[in-house]
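Biologist: I'm new to this one. Could you walk me through how to read it?

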Amino acid sequence: MEENNNTGINEAEHIDGMFKNWFLDYASYVILERAVPAIEDGLKPVQRRILHALYQMDDGRFHKVANVIGQSMQYHPHGDASIGDALVNMGQKELMFDTQGNWGDVRTGDSAAAPRYIEVRLSKFAKEVAFNPDTTEWQLSYDGRKKEPITLPMKFPLLLFQGTDGIAVGLSTKIMPHNFNELVKASIDVLKGKKTRLYPDFPTGGFVDVSEYNSGKRGGRIQVRARIEVVDKKTLSIREIPYSTTTGSLIESILKANDKGKIKIKKVTDNTAKHVDITIDLVPGTDPDVTIDALYAFTDCQISISPNACVIENEKPVFHSVDEILRVSTENTKALLKRELEIKQAELNEKWHFSSLEKIFIEKRIYRNIEEAETWEAVLSIIDKGLNPYKKLFKREITQDDIVRLTEIKIKRISKFDAFKADEEIRGLEAAMKQVAHDLEHLNDFAIAFFEELLKKYGKGRERRTEVKGFETIEVKHVVANNSKLYVNRAEGFLGTGLKKDEFVCDCSDIDDIIAITRAGKMMVTRLGDKKFVGKDIIYIAVWQKNDERTGYNVAYYDGGSKRTFVKRFNVTGVTRDKEYDLTQGTSGSKLTYFTANSNSEAEIVRVQLHPNSNARIKEFDFDFSTLDIKGRGAVGNILTKFPIRKIELKEKGKSTIGGLKLWLDEKYGRLVTEESEKSRYLGEFHTGDQVLVVFKDGNIELTNYEITNKYEMDDIYLVEKFDRERVYSTVYFDGDSKQYYVKRFRIELKKEKEKSSIISDHKDSKMAIFSSRKMPVVKYFFLKGKDKEKLEGEAKLPEVIDVKGWKALGNRLTPYLVTGKITDITPEEEEEPELEVGDSVEWDVETNPKAGAKGEQKGLF
C-alpha cells in the first residue's frame, strides 16, 4: 500500500479516517437537518423554513407557490423539488395554510398542479400558534445572509396532528396523524394532571384497530381497514380507504387478488368524486360477507402499519410515545405563554411608567422650568430636579433616557393634553397589568383557557374521521375463494390440479391441504399442487383442516404379521406435510378392509362376514363402532377377529359420539366462535340442519347456517340465537298506520336461509319494541288514561294478550290506551332446558354428504 508523499499517511488509514469522520458527519446531518422533526415545534427543517418564508412574505393575500419556493430557498440549501413536495404535503393537511387551486387529492393519489398555478398563504391558526419574533431563537442561514428560527414558538402539538415519516442514515421515524379536537382536549388533560390516551385519526377515514398501538412507540402496530358496505347481494361499495393507500392502489390490489383466485368478483368501478366510491360487482352466488372478509385478508383493504415515534430533542434523536410528545408540547406551550405574558407585563410596565411620567411632567408644568437653561446638561438636571417629589410613586428608577424622552414631547401634545383622558389610559394600563399578573400567577388556568379558545375557534368541522374498533382475526382458509379444482388418479396414486383428464374430487383453494389414504393403510397430507404422488390405490381424498377434532375416521385393517383384523377410531388434528404415516402396524401384507370419514364423528354399525372356510363357529356378526373411543392415528386398535374376513358392509348409519358443535356469539365482532370468552354469549349445541335466528331492530328476521365465516352487524341486530322451528316467538311492535302498539305470538315459517322477512306491519313508521323467545314473556309499559291524561304503569303477560297465530297476522292491541315512553321486557329468568345427550329418547337427524372429497361420510368396502 502506497504512502501519501505529503503527509506520510497510509492510504488505507486515510480512507478509514474519511469514513469515520465524513460519513458520521453526513449521517448526523441527515438525521438532524432533513429527516427527523424537532420535538419543540414538530417540524422538519424544510417545513420550518417554508413557514418562516411565508411569514416574511405575509401581507394577507395569496402568493404563488413558485414564489414561496423561491423565498424558502434563501434558507434551505436544497433543490426546489423537495421544498415544493413538503409545501404541498403541508397544504393537504388543511391546517397551517389557506390554499387556492388544485392541490391534489390524498385519496386518489392525484398530484397538485404546477407551483406557478397554485397559491397559498398562512392561515389564521398558523399566525396565532406558530409565530412570535420576541420568543423565537434565531440563527444565521446556511450562507450567513439571513436569520432563520432555530425552532418556531409552536403553541400546539402540530407534529401529532400532521404526523410524519422520514428515513435517515440508520434511523427512521413514523408518527401517525391524530385528531385536532382530541389533541387540544388531551393537552387540557395534561395541564389538569390527567392521563391521556391518543389514537390515530386519518384524513381518509376507515377503521383502525389500536389494540397494539403501544402509544406509537417502537414495536407497536396498528391495523387500518377500508369501510366496505353491502349495497345488495351482488354489489359492495368501498366508501373510505385505509391510510397510506389510494383508490388506484387499492383497486390494483383487488384486481391482483382476483387474478390469483383469492377472491371472486366480476368488475371494479371507481366512481370517486367528492367522496370515495369504489363499486365491486360480485360473481353470482358469492356471499357478500365472506367477500368482505376476503378483501380484508388478501388486498390493501386492510393494511398493517408499524409506528416509530422518533424526534430530535437536545440535538439528539430520541424515541418517545405520542403521549410523551404531547406532554412535552403542552409544557412547551405553557412555557411560551409564560414568556409572552412576561414580555407583555414588561411592555405594560414601561407604558405605565412613561404615561405616568408624562402626566406629571405636563400637569406640574415642569417643562416651564427649562426655559432659562442654557446647556443640555442643565435641561436634564432641571427636569430631574422637578421630578424628585414624585419619584417614590414610580415602580422603577427614572433614568436619563426617560428624561431625554420627555424633552422630545412636542408642544402640540402639551397644549392639547387631557388630564382626564390620561388618567383613564393609566387606569386601563393598571387593569391590564393586574390581569397579566393574575394570569402569571395562575399560569395553568391561563394555558387551559388558551387551548379551550383554540378548540372553540378552530375545532368545528374537525371531528374524528377514522372509527376506532377492534378487528377480529380472519381465518384465511375460511374466506379464500375456491380457485382450484382437485383431481385424482386413484390407481396410479397421483393428485393435483393438473390431472384434468382424471376423476374430479372437489373445488378448493390453492392454500388448502389435501389428505389422502391408500388401500395399504398409508396416509399423507400435502399442499395442493399441480401433480403429486402420494401412493397407489387411493381410497380416500379430501381437503384437510388443521386442528379438526370433529372429523372422525372409522377403520378396520388386516395386520399381515398377526393375521388378525383390528378396528379403531381416530382423528387427524396435526401432521407434518408430505410425511407418510402408517394407519396399520406397518407389517408386510397389511391393508385396510373398511374405512369411513365422518364429519361429526358418527359411529356406524357394520355387518362382518367371515370367510366360509374359516374355523369360526359364528361366521357373521355385527360390530358397533361407538364401542370404541377416538384415539390417535397411531393407535393399534382393538381386535375385531382372528379369522379371515370375506367382507365388511354398512348395516346402520350411526349417530355422532361427540355431540353437536357448541357455539358462542362474540357480540363485539358479530362472529360465531367455538370457545367461550368474556364478550361471548352461548347460543347452544348445533347439529346438522340446525340454523341461527337473526332478529333485526327494524323488525326483519333472517335464518342463517352456523358456519364460522358468518358475520353479523351487531349495530343493526336485536337478537341472535339458535333457531327452534317449534318454538313460539313473541313481539310487541308499534303500528305506523293505527299509531297503536300490537302484540303477536307465532311460529317462524321461514324456509330459505339469508332471506329477510318482516314480522311487523309494512308501514314506514312501524317499529319493533320487544322480541322474545321466552315461554311467558312479560312487558312493562306506561300509558295515559282519562281526560287528565294520568300517567299509569301497566304490565302484560303476552300469552294472555293473544293466542298463537300466523306469523304474518297483525296481532292484538297491547292496550286500548295511549302508550307513552319505552316498553321494557321484564320477563323473569327461566330455568334452562337440559341439553339432550346421546342415548336420550330424542334422536337427532344427522345428515351426511356421500360425495367424494366433501366433509361428509365416505365409505369403502374392500
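Biologist: How many helices and strands does the protein chain have?

Modeller: Helices (H or I, at least four residues) and strands (E, at least two) are DSSP runs, numbered from the N terminus. Here the protein chain has 17 helices and 49 strands. This is a predicted model, where local features need pLDDT of at least 70, side-chain atom pairs count only at pLDDT 80 or more, and totals for chains, interfaces and linings use all residues. Residues are numbered from 1 along each chain as its sequence is written, and side-chain values use heavy atoms, with hydrogens and water left out.

Biologist: What is the radius of gyration of the protein chain?

Modeller: That radius is taken over C-alpha atoms, and the globule rule is 2.2 Å times the number of residues to the power 0.38. For 862 residues a compact globule would come out near 29 Å, but the protein chain has 41 Å. Along its principal axes, the C-alpha trace spans about 155 × 115 × 45 Å.

Biologist: And how do I read burial?

Modeller: Buried means under 20% relative accessible area, exposed over 50%, partly exposed in between (1.4 Å probe, protein chains only). In this protein chain, 46% of the 862 residues are buried.

Biologist: Which residues have the most contacts inside the largest nonpolar core?

Modeller: A nonpolar core is a set of buried Ala, Val, Leu, Ile, Met, Phe, Trp, Tyr and Cys residues joined through side-chain atoms within 4.5 Å. The largest has 66 residues, and L51, L87, M96, F97, F125 and F156 have the most contacts inside it. Helix α7 (residues 180-191) gives the most to this core, with seven residues. There's also a second, separate core of 23 residues, including L236, L250, V268 and I280.

Biologist: What is F125 in contact with, leaving aside its neighbours within four places in sequence?

Modeller: Contact means heavy atoms within 4.5 Å. With those neighbours set aside, F125 touches L95, M96, F156, F180, L454 and Y458.

Biologist: Where is G521, and is it buried or exposed?

Modeller: Look in the loop between β21 (513-518) and β22 (522-527). G521 is buried, with a relative accessible area of 0%. Beyond its neighbours within four places in sequence, G521 is in contact with Y581, D582, L583, T584 and L592. Take T584: G521 and T584 are 63 residues apart in sequence, yet 5.8 Å apart in space, C-alpha to C-alpha.

Biologist: What about Q609: buried or exposed?

Modeller: Q609 lies in strand β29 (residues 602-610). Q609 counts as buried because its relative accessibility is 14%.
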